[in-house]
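Please go through the briefing below with the coordinates open.

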Amino acid sequence: MNLSDAKDFACRQVAAVRERQQPLARQRTAAVADRLQKVLAAFEAERVGTQHFASVSGYGHGDQGREVIDRVFARVLGAEAAAVRLQFVSGTHAIAAALFGVLRPGDRLLSITGRPYDTLEEVIGLRGEGQGSLKDFGIDYDELQLNEAGAVDEQALDQALARPHRLILIQRSCGYSWRPSLSVQTIGRLCARIHERQPDCVCFVDNCYGELVEAHEPPEVGADLVAGSLIKNLGGTIAPAGGYVAGRADLVEQACCRLTAPGIGSEGGTGFDLHRLLLQGLFLAPQMVAEALIGADLVAGVFADLGFPVQPVAGAPRSDLIQAVQLGDPEALKLICRAFQACSPVGSYLDPVPASMPGYVSDLVMAGGTFIDGSTSEFSADAPLREPFNLYVQGGTHHAHVELALIQALQALAAAGHLNLAHTD
C-alpha cells in the first residue's frame, strides 16, 4: 500500500471507531464531575490557600504546605493519612519504601496477583544480588499465580492463609501481564477475606495507574496501605516528580521512616516551592484521567477492528489507564512506537529503539516524548521485547492526541504491510 492510500485507510479506520464510541466517551466525561467534586471537597475541608504554595528550606521542619498536601491527598484517597513527597523518585521507590518500612526480618510477604511488575523483582530479591533486597534482609517471599481468567485464585489464597503473613501485595494494574486490572470492589472483597483470616496482616495495594479511574479508592474498601507515582494519574501531568503512600497512619509513618530516617519519618523533606504544582495537578487529574480512558477505548477499538487481541476491550469496566494490544510481531511493535514518538510534542525526531533499562529484565522499546521525563500519563507506549510482543499504551492529556498518534501508527503499519499478520486472521 502506498503512503497516500495508507493515510486514507488510517484516517477512515480511526474516524469510524471514534464515531462509534461517542456514547462511551460521553460516559467517561460525565464521570469527571464526581471525581472533581471529591477533590474540591478535600481542598475546601483543608482550607487550601496561596500560602500553602510556599515551602521551607533545609530540613523541611514545619512545612505547612507539605502537611496540607498530605491531608488533601489522604481525603481524596479515603485514607487515614498520606505522605506525598517529591523525594520519591518513582512509584517503585514509594512501593519499596512501604515494603521496607513495614516488613521485618522473618516476616512473610505474599503477592496474590502473580509476579509483580518488573521493577519490583530486584526490590524483592527475585533478581540481582548484594543490593539490599528484601530477601537479603531475611524477608520470605511467595506468590500465587492467577487463574485461567487472569483473576486472583481465591482457593489458593485460602490455602496460603493457613500460614501467617505480615503483608500481602495486591497489584491493581495489569503491569506487563496479559490480565484484567483489579476493580476496587474486588480489592475490597479480597482485603475482607484476608482480614477475616488474619486481622493483623497488612493488605498493601500497588495503586499505580489506578487512581481516580473508579469512584472509590482501595483505602475506602479495606486496603491498609497504598502507594503510587505522582507522574501518573494523581499528578495530572503537572507534578514534576514524586510519589505517595497512603493508608493507616502508623503504616504511612513506617514508610516515611524508610524514606528519611527513623525518628524523622514524615516530619522531614522540603517541597522546593513546588507545592502549587502538586495541588494543581491533583485538581486537573480527574479530567486528565477521563481523557486517557477515552484514548484507551479508542486504541482498543481500532486494533480490535483490525483483528488484534486487546486487553481490555473497548467499553469494558476499567480500573487503570493501561491498554494492552497483542501484536505478535516485534517489527510491528517497533513501528507503532516510532509512530507514537513522531507524534509526541517533545523529542518527535527521536527513534525509540529497544534497550535495557534499570529494573527491567527484558530490553524495552518506549515511546514517550513527554514534557516531564517518564510521565506516562501524558501519553506513552512501551513494551518489553519478548513474546508475544504486547504493546502497553497509557495516558493522553486529550484524546485528540491519541487519535493523531493512532493515525500515524496505522499509516506506518499499512505502508509496511504489517496489517496482514497470521494471528490477526
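**Helix packing**

Helices α5 (residues 91–102) and α9 (residues 249–259) pack with their axes 7 Å apart and at an angle of about 105°, where axes are lines fitted to C-alpha atoms over the stretch in contact and angles run from 0 to 180 degrees between N-to-C directions. The two helices are therefore roughly perpendicular (65 to 115 degrees). The model is predicted, so local features need pLDDT of at least 70 and side-chain atom pairs count only at pLDDT 80 or more, whereas totals for chains, interfaces and linings use all residues. Residues are numbered from 1 along each chain as its sequence is written, and side-chain values use heavy atoms, with hydrogens and water left out.

**D107**

- D107, in the loop between α5 and β2 (108–111), is buried (under 20% relative accessible area, 1.4 Å probe, protein chains only).
- A polar atom of the D107 side chain lies 2.7 Å from the backbone nitrogen of R104.

**Salt bridges**

- The count comes to 25 salt bridges.
- R28 and D297 form one of them, at 2.9 Å from N to O; R28 lies in helix α2 (residues 22–30) and D297 in helix α10, so the pair ties together parts that are 269 residues apart in sequence.
- Both R28 and D297 are buried.
- R172 and E217, also both buried, meet in a salt bridge at 3.2 Å, N to O.

Conventions:
Helices (H or I, at least four residues) and strands (E, at least two) are DSSP runs, numbered from the N terminus. Buried means under 20% relative accessible area, exposed over 50%, partly exposed in between (1.4 Å probe, protein chains only). Lys and Arg count as positive and Asp and Glu as negative; His and the chain ends are not counted. A salt bridge is a side-chain nitrogen of Lys or Arg within 4 Å of a carboxyl oxygen of Asp or Glu. A polar contact is a pair of N or O atoms within 3.5 Å; within protein, one must be able to donate a hydrogen and the other to accept it, and residues adjacent in sequence count only if both atoms are side-chain atoms. Angles under 35 degrees count as roughly parallel, over 145 as roughly antiparallel, 65 to 115 as roughly perpendicular and the rest as oblique.
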